[in-house]
Amino acid sequence: MLEDRATAAPSATPWPAAYPKGYAVVDVETTGLARDDRIISAAVYRLDARGEVEDHWYTLVNPERDPGPVWIHGLTSETLDGAPLFEQVAEEFAARLDGRVLVAHNAVFDWQMIAREYARVRREAPVRQRLCTIALSKELGLPLPNFKLESLAAHFGVVQQRAHHALDDARVLAEAFRPSLRAAAAGGVRLPLLECRPLTEWSDRPVPRQATGGYGGYRAGSWRPSRKRPACPYPNPGRYEDGKRLKQGMRVAFSGDTSTERELLEDRATEAGLHVAGSISRLTSLLVTNDPDSGTSKTVKARQFGTPIVDEAAFGQLLRDVEPADE
């Protein structure tokens with residue numbers, strides 16, 4: 001683990017009173033991208049209200065399994081064997097996050113990985129809001145060729161030294177976030193903050209130990225497991241109508257960032273008897289998105305087809321009372 005402190009002169013930029021009082025810029029490296037993958041390293045840069053660095057922290061984490069795509073993050077089983085378990089760093093990690101807005105590049109991924117790790121040790125991460133620097137870049141209209149971290153860094157002249165190393169990625173993001181935050185403040189831009197809802201339900205699927213002593217089996221190009229849902233047993237009754245109930249068999253699609261982990265939302269929809277669709281067609285009953293004005297392919301097609309759209313909170317209410325399918 002590593003800690004450092006830095007100070008800087010306060011900015012003279014007029015500051016919106018509604019902006020958060022502090023930020024935790026986070027990066028985590030993981031064994032993969034799936035629901036049961038694990039964090040293997042984490043870094044946090046704590047920033048004050050105006051984006052100035054207060055300190056930073058870094059740790060390796062023993063995932064108790066195969067480290068996954070070593071060719072990406074460079075962390076081998078040998079490197080991680082002596083690292084602390086997540087439960088041993090959970091308190092220190094929480095102290096770094098407490099009372100701050102979590103900032104990350106593709107923040108929903110980092111938040112979900114963190115929330116799942118805390119759920120495994122029967123705790124909650126002390127985070128109530130997150131800010132995605134991809135969403136902030138879009139709000140600011142930055143002229144980026146794409147929304148990769150390296151493009152954001154290049155735009156602000158930040159030099160990246162070790163891509164996919166949690167500490168350096170967090171440093172790069174902190175340095176790019178500071179001018180983004182100042183530009184937002186100067187322009188009176190509303191920060192794209194989203195609620196973070198901690199996981200209160202969790203069950204791990206066992207990862208088999210190989211005879212060689214490692215966990216799982218990973219090869220280049222095969223480390224991202226697929227997940228196939230059972231077919232919906234009910235016929236599609238058509239589109240959702242505003243003011244009415246959802247009905248079993250309706251085809252529901254999701255788009256964009258969600259406060260609740262996407263897989264949990266999809267699981268609940270499936271358990272309620274809905275058909276979770278991966279794309280939009282004329283047969284889609286409903287699209288769930290917190291950003292209906294975005295230009296994603298799903299929202300564009302939903303507008304073209306006249307597919308009803310509701311946000312995540314409304315969908316959560318609808319899930320409480322789903323009408324049974326016709327017998």
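Predicted model: local features only at pLDDT ≥ 70, side-chain atom pairs only at ≥ 80, totals over all residues.
Residues are numbered from 1 along each chain as its sequence is written, and side-chain values use heavy atoms, with hydrogens and water left out.

The secondary structure of the chain comprises 10 helices and 11 strands, where helices (H or I, at least four residues) and strands (E, at least two) are DSSP runs numbered from the N terminus. Of the 327 residues, 50% count as buried, a term that means under 20% relative accessible area, whereas exposed means over 50% and partly exposed lies in between (1.4 Å probe, protein chains only). Among contacts (heavy atoms within 4.5 Å) between residues at least 6 apart in sequence, 68% join residues at least 24 apart.

Helix α3 (residues 86–97) and helix α4 (residues 107–120) pack at an angle of about 130°, their axes being 10 Å apart; such axes are lines fitted to C-alpha atoms, for helices over the stretch in contact, and angles run from 0 to 180 degrees between N-to-C directions. The two helices α3 and α4 are therefore oblique to each other, given that angles under 35 degrees count as roughly parallel, over 145 as roughly antiparallel, 65 to 115 as roughly perpendicular and the rest as oblique. On the α3 side the contact is made by Phe 86, Ala 90, Phe 93, Ala 94 and Leu 97, and on the α4 side by Ile 114, Glu 117 and Tyr 118. By class, these are seven nonpolar, no polar and one charged residues, where Ala, Val, Leu, Ile, Met, Phe, Trp, Tyr, Cys and Pro count as nonpolar, Asp, Glu, Lys and Arg as charged, and the others, Gly among them, as polar.

A second pair is formed by helix α8 (residues 262–271) and helix α10 (residues 312–319), which pack at an angle of about 30° with their axes 11 Å apart. Helices α8 and α10 are therefore roughly parallel to each other, and their crossing is left-handed. Here Leu 265, Arg 268 and Ala 269 of α8 meet Glu 312, Phe 315 and Leu 319 of α10, a contact that divides into four nonpolar, no polar and two charged residues. Within α8, Leu 264, Leu 265, Glu 266, Asp 267 and Ala 269 are buried, and their cover includes β8 (251–255), β9 (275–277) and α10. Just after α8, Gly 273 takes a positive phi of about 95°.

In the segment after α10 lies Pro 324, which touches Arg 245, Lys 247 and Gln 248, residues up to four places away in sequence not being counted.

Ser 294, in the loop between β10 (286–289) and α9 (297–305), counts as buried at 13% relative accessibility. Leaving aside neighbours within four places in sequence, Ser 294 is in contact with Thr 299 and Arg 303.

Note on methods:
Left-handed = near helix turned anticlockwise from the far one by under 90°.
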